[in-house]
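Reader: I am new to this structure and would like a friendly tour of its charged pairs and a few loop residues. Could you show it to me first?

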Amino acid sequence: GSHTLRVWYSGPDKARVALLGTLGETDVIVDKGNVWVWDSQRRTATHQVIGDGALAKHPGAGTGAGTLPSTPQEAADLALKAIDPSTAVSTAGSARVAGRSAYELVLSPRDSGSLIGQLRIAVDSREHVPLRAQLYPRGSDDIAFEVAFTQVNFARPDDAQFRFNPPPGTTVEESTGEDRKADAATAATVGHAVIGTGWTSVLVARAPDGLLTGTGAGTGGRRADTGTADGAGITSLLDSLPKVSGAWGSGRVLTGRLFSVLLTEDGRVLVGAVSADRLATAAADPAAALPATR
């Protein structure tokens with residue numbers, strides 16, 4: 001689908017992102033050590049105080065940022081970190097984005113095993129700031145993912161944009177961050193591995209108990225039926241996926257234009273911008289044999 005965000009940025013300790021919806025908006029507001037998450041439709045706000053320097057060291061920490069980039073700058077940063085001998089870099093002439101002149105950089109995986117064909121980044125010709133990032137599947141001219149500015153103003157935002165006062169009737173929750181620490185500790189105990197390098201690397205992780213309902217994660221390979229509507233829906237979805245097997249074991253595979261996912265019966269999840277065959281090869285790698293959960 002398509003989503004619209006408004007972004008204000010005045011430094012690592014002053015930023016605001018508003019996700020606009022049909023009936024309201026959700027805002028994440030960072031003002032020095034204060035982080036607010038405001039849901040206008042539910043009229044709820046969560047406030048958390050972050051230690052000095054935490055935001056500068058970990059941009060996006062505590063703001064609920066997802067794994068997908070929310071601005072062209074974030075997309076460009078992720079792409080530029082990937083530039084190494086596995087990436088071919090070229091230019092593709094000029095472009096017009098948000099009413100501004102830009103030039104395009106093209107990043108292409110050298111390994112034909114990647115499902116990604118190229119990433120195009122449009123850079124403002126005057127301010128040298130990324131204005132748009134477009135991701136194309138291999139062998140296709142159709143854009144699979146795009147993040148771009150429709151309007152942009154390079155003036156520094158007023159400090160008033162980062163001051164949040166909960167409107168009357170708002171339910172305010174004070175967060176200590178302990179839940180996030182507990183989640184991080186749980187994730188750390190699960191373990192993961194990365195097979196390969198560059199654009200064709202594969203992430204291998206063992207799902208926490210109950211996450212992969214119906215695949216045997218944390219159940220010794222037995223189906224875990226929750227008995228709920230959601231559980232039945234997940235089980236039905238998993239049952240609809242093609243079965244695969246090999247020396248690594250058996251499981252089910254989900255394929256897309258840009259990525260593939262392999263769910264093994266022993267509770268592992270393998271994800272990569274590669275074909276299902278590449279995931280199966282990675283699953284057989286000794287490094288992908290993660291320790292079992294308790």
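Author: Gladly, and one term comes first: a salt bridge is a side-chain nitrogen of Lys or Arg within 4 Å of a carboxyl oxygen of Asp or Glu. This is a predicted model, where local features need pLDDT of at least 70, side-chain atom pairs count only at pLDDT 80 or more, and totals for chains, interfaces and linings use all residues. Residues are numbered from 1 along each chain as its sequence is written, and side-chain values use heavy atoms, with hydrogens and water left out.

Reader: Which residues are linked in a network of salt bridges?

Author: Side chains of opposite charge can pair when their charged atoms come close. Here such pairs join into a network, and its members are E104, R120 and R132.

Reader: How many salt bridges does a search of the whole structure find?

Author: The network of E104, R120 and R132 is made of salt bridges. Searching the whole structure gives a total of 9.

Reader: How many residues apart in sequence are the parts that K14 and D31 tie together?

Author: The side chains of K14 and D31 form a salt bridge, with N to O at 2.8 Å. K14 belongs to strand β2 (residues 14-20) and D31 to strand β3 (residues 25-31), so the pair ties together parts whose separation in sequence is 17 residues. Strands here are DSSP runs of E, at least two residues long, numbered from the N terminus.

Reader: Is D31 buried or exposed?

Author: Buried means under 20% relative accessible area, exposed over 50%, and partly exposed in between (1.4 Å probe, protein chains only). D31 has a relative accessible area of 17%, so D31 is buried.

Reader: Which residue forms a salt bridge with R16?

Author: R16 lies in strand β2 and its partner in strand β3, so the pair ties together parts that are 11 residues apart in sequence. Both residues of the pair are buried. The closest N and O atoms are 2.8 Å apart, and the partner is D27.

Reader: What is the relative accessible area of R268?

Author: R268 meets D266 in a salt bridge of 3.2 Å, N to O. D266 is partly exposed, at 38%. R268 is buried, because its relative accessible area is 3%.

Reader: Phi of H128 has a positive value; what is it near?

Author: H128 sits in the loop between β8 (116-124) and β9 (130-137), and counts as exposed with 53% relative accessibility. H128 is a residue other than glycine, and its phi is near 60°.

Conventions
Helices (H or I, at least four residues) and strands (E, at least two) are DSSP runs, numbered from the N terminus.
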